[in-house]
Amino acid sequence: MERPIYLVCILFTCLMSVFDHLLQIAFQNTPEVVQYHLPLVKKDGKLQASPQEAKLAQIIPILKSFFRSTLLLLRNPPSPNTTLIILSQTEKLIPYITGFRKLMKQLISSILDIWSQTDDFGPDGETSKPNSEMQKHIKMAAFLWVKRVMLVGDRSLKQICLKACIS
Amino acid sequence: MTRGRTSKFPKKSAKNPLGQITEPGEIQKRNKDKYDKNKVRNDARKAAARAIVLDEIAQKKAIEDGKGALFDGMTMEQFLRSDLGDSQVSQIQEEESHKPMQGQLLDGNSSFYEFMKHIDQDFLELDPDGLECVNDEDKMGGLRFELNMDILSIWEKQLVEEKSLQTTKQILVALKNRIVQATGQPSYGAPDLSCMHPIHLSNVSI
């Protein structure tokens, strides 16, 4: 029973392009690595990264690079599946980047743009079912991302989220 | 005539018998150099120090201009530690002597120059300054290699098992470069990278 699944996985990996594989590795493993080296600490009822950790200096450039790549990908999404992976995985690292205001602003505006996108209509004027399902998942992921920011962020971040929602 | 001198304005020397002989303090200071016993010795020392300083400045200038001698700016210890052996010194001296000879050939006997052209073109074309070849790739630093599935699998293994930060950095650099490459294309919307042929993507260099 396990052997056919194993063979399917190998076949799938072979069919996947190098770039897709690189995206998958980067977005699936980077949050785990960061959380392993810099675990979150609960302070005043909020999850935060401990600022006194020596590894913070090593991890900050990694986070900045990771989220800048994320920003570029969100503005030019390669595929709906990729967008979904990006949103779900980057949500885990939100507590680490609440201090980067400019980056947070740009991310929030990009994600709200994704959330506010309408469904793709086919030539008949009806939405194609797979597209609409995927779009729903993506909208949900974007909403959860912004919700996490509201829960974890401070007052100024909440203001930024609300202003971006209204505008 | 009265005995002794009587005057309305008594002389200062009367109060200070040594007033005519001793000078006031300011004048003493001014004439200190005149009456200094060690003046000659101090002057000699000053002149020697000035000469040493001027010599050092001239040496430094010569080194900066490239006109200094071979061992300028080098202490004995530095020279002994350096790899400049006798053979290299003689080689450098030969190279330095080559250029004026070449110049003489060009300026002087043109027929001999033509003759040398036929015999030994390399001698005429030798440029000692260009002997060191600098690798441009070394200047940029880093390795260039093609990204493929094998490398990705190695990285994935390192991330899963070792949680290596170094590997994470490498992956993010590769990702950033690939994204910039992709988004930098003339855009007609987002390029659909998933449908690109794997061969093109495997030839990506980092």
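**Interface of chains A and B**

Across the interface of chain A and chain B, the rule finds one salt bridge, defined as a side-chain nitrogen of Lys or Arg within 4 Å of a carboxyl oxygen of Asp or Glu. This is a predicted model, in which local features need pLDDT of at least 70 and side-chain atom pairs count only at pLDDT 80 or more, while totals for chains, interfaces and linings use all residues. Residues are numbered from 1 along each chain as its sequence is written.

**Extent of the interface**
- Chain A gives 29 residues to the contact and chain B gives 28 residues, contact meaning heavy atoms within 4.5 Å.
- About 2,700 Å² is buried between chain A and chain B, with 80% given by carbon and sulfur atoms; buried area is the accessible area (1.4 Å probe) that two parts lose on being put together, summed over both.
- On the side of chain A, the residues that lose the most area to chain B are A:V18, A:F19 and A:L22, together 24% of what that side buries.

**Pairing across the interface**
- The salt bridge joins the side chains of B:K163 and A:E32 (3.7 Å, N to O).

**Cysteines**
- Over all chains, the structure holds zero disulfides, a disulfide being a pair of cysteine sulfur atoms within 2.5 Å.
- A:C161 is in no disulfide, and the nearest cysteine sulfur, that of A:C165, is 6.6 Å away.
- A:C161 counts as buried at 1% relative accessibility, whereas A:C165, at 41%, counts as partly exposed; buried means under 20% relative accessible area, exposed over 50%, and partly exposed in between (1.4 Å probe, protein chains only).

Note on methods: Chains are lettered from A and ligands numbered from 1 in the order in which they are written. Side-chain values use heavy atoms; hydrogens and water are left out.
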